[in-house]
Amino acid sequence: KTSEDHLKVHKMKKKILRKQVRAQHTLMRHEGIECISHATQSLVIANAGLGNGMSRHQLLRIVEEYGLVETLLMPPNKPYSFVKYETTEAAKKAFDALNGKELTLEDFGQNIVLYINFVEKVFWQNAVPTSLPPGLMVIEKIISPEEERRMLESIDWIGDEDTQNAQKTLKHRRVKHFGYEFCYSNNNVNKDKPLPGGLPEICNLFLEKCLKQGYIKHKPDQLTVNQYEPGQGIPPHIDTHSAFEDEIISLSLGAEIVMDFKHPDGRTVAIMLPRCSLLVMAGESRYLWTHGITPRKYDVIQASELGQKVGTITADVGDLTLNRRETRTSFTFRKVRRSPCNCIYPSVCDSQKGQQRQVQPSFLHNEMEASKLEQEYVHKVYEEIATHFSSTRHSPWPRIVEFLRSLPKGSIVADVGCGNGKYLGINEDLYMVGCDRSKNLVDICGEKNFQAFVCDALSVPIRSGSCDACISIAVIHHFSTAERRLATIRELARLLRPGGTALIYVWAMEQEYKNQKSKYLKEKNDSKDKEEEINTGTAQRPLSDQMPNSSSQDTACSDRLLNDSKDEGGGAKPVADCRLPVHTNRTSFHSQDLLVPWHLKGGAKKKGESGDAVSFPAGSKESQELSPVFHRYYHVFCEGELEAACRSLDCVRLQKIYYDQGNWCVVLEKL
């Protein structure tokens, strides 16, 4: 009998050794981490990971029995974990006691066997914290527990025969529709056949609250109620563009959940939706990103927040655990669309499927043409209008001031495309230097005792990695090809040290955003001494059909209107074969590549000129002759375009994306 016992023990040891060796090979193959034979402070524990159901709470309780634990790392979706003890002796005690030990997973009720190896060091690179998809917002605690109870009780899953036809039990969940039924056979709604009864009254009250607080712009008229049991989910999808308008909101009741979002380029973001929170999807997050709930009984969440905090789930291996799912009910509200969708994401839009989306014709064929266009319609113009231009550029934009004042004292900051230097003196605690392509604008900076020099934004003569921050305000939209625009962003990133930040502003195609007109569209000519606007309908005629000083006063606009147009310039002579439209100031854009007029103020002196100014009535022949119209090239950016360009660079990550008075803006960080 003793011999039989010894044989069993021998076989068990051989099995444990075999499993140990297999675990070693798996770790080396998957993570490149080598196990070693001598004792160290660090252990890898196979079969004790988040991927096979071990929670941080249970594992920490087990390993703490053998000594003080410095670190417990649990990589997401992996079947192993790492533990580092304060001493090697404690690690040896844990190895001897736990290697080959069988135990029961508390949350799953199944038995597992631990297999342990020593490792020298664990280098685990945490994933960079991800930002929410653009247009997505989560509002916590939007309703009280009492309101939650009443809303859940308002859904009768058994009776309510009037809407029984709108109730279904799907493979992954139970569903009920109000207002309009969503047909899963064609992923659309029958817009001509509303369901009787409309939305429950308590839901109408909730929507009025959301409208009043500004979370939504339009009141939804369709409601889908989904009930998920633990282990159930919903496949990744984009709500049909032709069926519903922009905003889609979803209320999480009964339990929290992790929802997964995915961009077409492969980026994924897992977002915690706490109980009684409201998810708002608009813009890119609604139209371009898929969203879904993976069918599983546990979510991987941040241990420190226990799933109760809004935000993305980052792969912080030192702060992840498992959270058991409970029954969750979602109230998803949408507004039925009455016309075809004309969003800017045609690749995923069913309304635009098979249609040829109107694309701006290419007008540049090589770098030489691009450089020539910018020389004529950007560089030369700023030399001509510098003095007048500078006189209109004196009010700093608040959010740029906020960025500069948020930087640490002593930071080195480059303003690339500084113009007349209006941001160089905002924060005296910074070491700021400016540069601009216009010598006359740089001279104006010098007159103000600012440090500035002449250079091109494509090649800034500053040492790589020497700046704590950079700003590029209304500059990149003057480069005439996507490659040159991307190169300017890459040049900004080159200047930054790791961890340094850059703020970029570009003019937006969308001058009306979220039902709000930009200041550019709203600004009125209310000054008595300003000229009247002359609009001759030249907004979309090719420049080759117009001459800026012709008798018809082509493209001339009021002095007030032109003074407030965006920073940077264009040209006074047409480029051969150029078919760019000329924009009518204070109107919406109809083309991404265009020329914007600058009406030089009558009697305005160029730099270096002297003599008294002579005034003539606005619109008179003399005024026209003294007020030549210059044309500045712009590429106005569509929503998501600047963001996509920044994301294409692997040396930076986006900290913030926002819209500010007719401009798309990003804050990026150097990795």
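The model is predicted, so local features need pLDDT of at least 70 and side-chain atom pairs count only at pLDDT 80 or more, while totals for chains, interfaces and linings use all residues. Residues are numbered from 1 along each chain as its sequence is written, and side-chain values use heavy atoms, with hydrogens and water left out.

The protein contains 14 helices and 35 strands; these are DSSP runs, numbered from the N terminus, with helices being H or I of at least four residues and strands being E of at least two. Of its 671 residues, 51% count as buried. Here buried means under 20% relative accessible area, exposed means over 50%, and partly exposed lies in between (1.4 Å probe, protein chains only). A contact requires heavy atoms within 4.5 Å. Among contacts between residues at least 6 apart in sequence, 73% join residues at least 24 apart.

Two strands are said to pair if DSSP finds at least two bridges between them. β15 pairs with strand β23 (residues 328-336) in the antiparallel sense, over 7 bridges, and in this pairing Phe244 stands opposite Val336. β15 also runs antiparallel to strand β18 (residues 278-281), to which 4 bridges join it; there, Leu251 stands opposite Leu278.

The nonpolar cores come next. A nonpolar core is a set of buried Ala, Val, Leu, Ile, Met, Phe, Trp, Tyr and Cys residues joined through side-chain atoms within 4.5 Å. In soluble globular proteins, nonpolar side chains tend to be buried together. The largest core in this protein has 32 residues, of which Val416, Cys470, Ile489, Ile504, Leu642 and Leu668 touch the most other members. Several elements each supply at least two residues of this core, including β24 (412-416), α10 (482-495) and β35 (663-670). Not counting residues up to four places away in sequence, Ile489 touches Ile476, Ile504, Leu642, Ala645, Cys646, Leu649 and Leu668. A second, separate core of 30 residues includes Val63, Val83, Phe95 and Leu114.

Charged side chains also meet in this model. The structure holds 17 salt bridges, each defined as a side-chain nitrogen of Lys or Arg within 4 Å of a carboxyl oxygen of Asp or Glu. In one of them, the side chains of Arg149 and Glu146 meet at 2.3 Å, N to O. Both residues lie in helix α4 (residues 145-153), 3 residues apart, which is about one turn of the helix. Arg149 counts as partly exposed because its relative accessibility is 38%, and Glu146 is likewise partly exposed, at 36%. Glu146, Arg149, Arg150 and Glu153 are linked in a network of salt bridges.

Another salt bridge joins the side chains of Glu148 and Arg275 (2.8 Å, N to O). This pair links distant parts of the chain, with Glu148 in helix α4 and Arg275 in the loop between β17 (268-273) and β18, 127 residues apart. Glu148 is buried, since its relative accessible area is 5%, whereas Arg275 is partly exposed at 40% relative accessibility.
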